[in-house]
Every structure is written in C-alpha cells, then in structure tokens.
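Here are some worked exercises on a predicted model. Grab your viewer and try each task before you read its solution.

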Amino acid sequence: MKVAIYGQYYQNSTEPIIRDIFVFFHENQVEMVIEEAFLKLLYEKNIVNKEFKTFKSHKELNSSFDIMISIGGAGTILRAATLVRDSGIPILGINAGRLGFLAMVQKDEIAEFLQLIIEKKYTISERNLISLSGTPEIPEISDINFAMNEISVSRKDTTSMITIETYLNEEFLNSYWADGLIISTPTGSTGYSLSCGGPILTPNVSSLVITPIAPHNLNARPLVIPDDTVIRLKVTGREEHYLVSLDSRIATVKNKSELTIRKNPFKIKMVEIQDETFLKTLRNKLLWGEDKRN
C-alpha cells in the first residue's frame, strides 16, 4: 500500500497524532510519501528523523497512490484537495484541529481506523466542486480555479457594503446589498455559509446554496439551487476593488468585473469509515441531542 501524507502542525496536539500514524504505517509496511514542506517541518520539530520519499505538487501524485492522509482540520483537507485535483486519490482526514467537519478520524481512533484503511473496509463519498472564471481573467486563481467548500465575494478596504448583481442561467435573481455573498457546495454548507445563516445540506445532494453576508435588504434569504446552474455575479461598490475567495485562497478583483461560477468537471473523493457517517458527525460536532430532557 502506498499513501501520500500532507498536514499542518498544531503545537501541543499534532505531535502524538503524527507519531501514531507513522508508527502504524511503519509496522504495517505501508509506503509513505510525505509532502515536502510538511516533512521539513517534522524534521525541524524533531518528530521524525529518518528519510522519506517526498512530493511537492499535484504533478507528482498519480494512480500509484492508494490514499492521501490529511493531518489537521477542515482547512488542511481543502488544501489537500488542491494537491489531489483530478487524480482520483481519495482523502482521509485525521482531525488535529478544532471543529473539523471534514476530518473524520479523531486522535483516539487512529490505529483502529487506519487498520480499516489497510483492510480496505471503507467507502468513498464523492464531493462536488465549483469553479470560477472571471472577465477579465483573474491571474491569482488561473491555476487553481476550483473550490470544495465555497466561493465568496466580499468588500475590501471599506466598511461600506457592496452591491452584487446575481444572475442564474442568465436570468436576473437579485441585487444583494451586503458585506458579501457566498456560493456554497453541500460540503461547504457546514462552514462559512452556516455561520451566515445558511442551511446544512447532506454531502450527496445535487445543490448549491447562495447565502448573503449581513445583507441590508433584510428580506434576502439563503437560496438553494440546482448545482448545474451557471451563476454570474457583477460587483460594484465605493472602493475600486473587492475580494473573491475560493476556500482559503483570496484574490483582489476590480469593480464591475464579472465572475462566472459553475459546477466543476471533476470531484474530490473523501474516505468514509463505517459508523462514522455525516449525520453522526453533525450530532457530535453541533451537540444535537445534548439536552437534559433527552
């Protein structure tokens, strides 16, 4: 078995997790290939000292890999997705962060769950992505123009709201007067969109959510639309530029530029372990049912 390993380091919580993973794979003769910058950090922290094969870009990841292990939180998985891209390598998230909706494996379950991975006792959840194009072209996002969680527009260098003209399949929907607008996938519905009052979608639905950020037109509400809808945005405001973000990647865009958002042609595969379902994660992370009356 051959695994790619990518991660983030969180002091006081990550070190024992990393050690457990490396010891388990070593004992089970699993070939590990470590992301170059992450391995350098592990050497600096004296967490590992032996040599490993490395990779540093998506071009080095191919079908010879059985799985990618992402060590961190949801943000780490989103960055791992930019490395995996259309290779088809499934991602397993091991949670070393906080809330971690995407990271299924908790630190006290590592050995148990990794054994299931070796035995191939897992399923795959395919997650839809959305892609962005701009008129004129936006150089900062030309290489990685897709998002797993959400694409959002927001104000920049101002406390004034922006106006976002929104069209669905070229039919006018609304002009949102707000701090910004979020276009979320089902995967991202438990992230930024949820914080702004958007609904939670189960990962397998074929929908997107449009969620305004602090809208001043108070009757504007989150809207669920089919995921094959082509969304066009035109943003104006008092400042010359606004911000567009794809998950954690941010670009500055000139006023009146047009953005087009559509379903991405490829998907990201996420590893799911039996009994660690999305609904169970919701109950645990959001403390549903944690009422003394239950």
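**Exercise 1: pairing around β9**

In which sense do strand β9 and strand β12 pair, and over how many bridges?

Solution. Some ground rules: residues are numbered from 1 along each chain as its sequence is written. The model is predicted, so local features need pLDDT of at least 70 and side-chain atom pairs count only at pLDDT 80 or more, while totals for chains, interfaces and linings use all residues, and side-chain values use heavy atoms, with hydrogens and water left out.

- Step 1: Strands (E, at least two residues) and helices (H or I, at least four) are DSSP runs numbered from the N terminus, and two strands pair if DSSP finds at least two bridges between them.
- Step 2: β9 (residues 150–155) pairs with β12 (residues 180–184) in the antiparallel sense, over five bridges. In β12, Ser184 stands opposite Glu150.
- Step 3: β9 is also joined to β16 (residues 241–246), again antiparallel and by five bridges. Here Val153 has Val244 as its bridge partner.

**Exercise 2: the order of a sheet**

Find the strand order of the open sheet that holds β15.

Solution. 

- Step 1: Start at β15 (residues 231–236), which six bridges join to β10 (residues 162–168), antiparallel. Thr166 has Leu233 as its bridge partner in β15.
- Step 2: Four bridges join β15 to β18 (residues 258–263), antiparallel too. Leu233 stands opposite Leu259, and Ile231 stands opposite Ile261.
- Step 3: The edges are β8 (146–147) and β11 (171–178), each pairing on one side only.

**Exercise 3: a helix tucked away**

Why is helix α3 called largely enclosed?

Solution. 

- Step 1: Buried means under 20% relative accessible area, exposed over 50%, and partly exposed in between (1.4 Å probe, protein chains only).
- Step 2: Eight of the 11 residues of α3 (residues 74–84) are buried, so the rest of the structure largely encloses this helix. Among them are Ile77, Leu78 and Leu83.

**Exercise 4: the nonpolar cores**

Solution. 

- Step 1: A nonpolar core is a set of buried Ala, Val, Leu, Ile, Met, Phe, Trp, Tyr and Cys residues joined through side-chain atoms within 4.5 Å.
- Step 2: The largest one has 30 residues, and Ile5, Ile21 and Phe22 are among those with the most contacts inside it. The elements giving two or more residues include β1 (2–7), α1 and β4 (67–72).
- Step 3: α1 gives the largest share, six residues.
- Step 4: Apart from this core lies another, of 27 residues, including Ile141 and Leu246.

**Exercise 5: contacts of Ile5**

List some residues that Ile5 touches, leaving aside its neighbours within four places in sequence.

Solution. 

- Step 1: Contact means heavy atoms within 4.5 Å.
- Step 2: The partners of Ile5 include Ile21, Phe22, Phe25, Met32, Phe38, Ile69 and Ile71.
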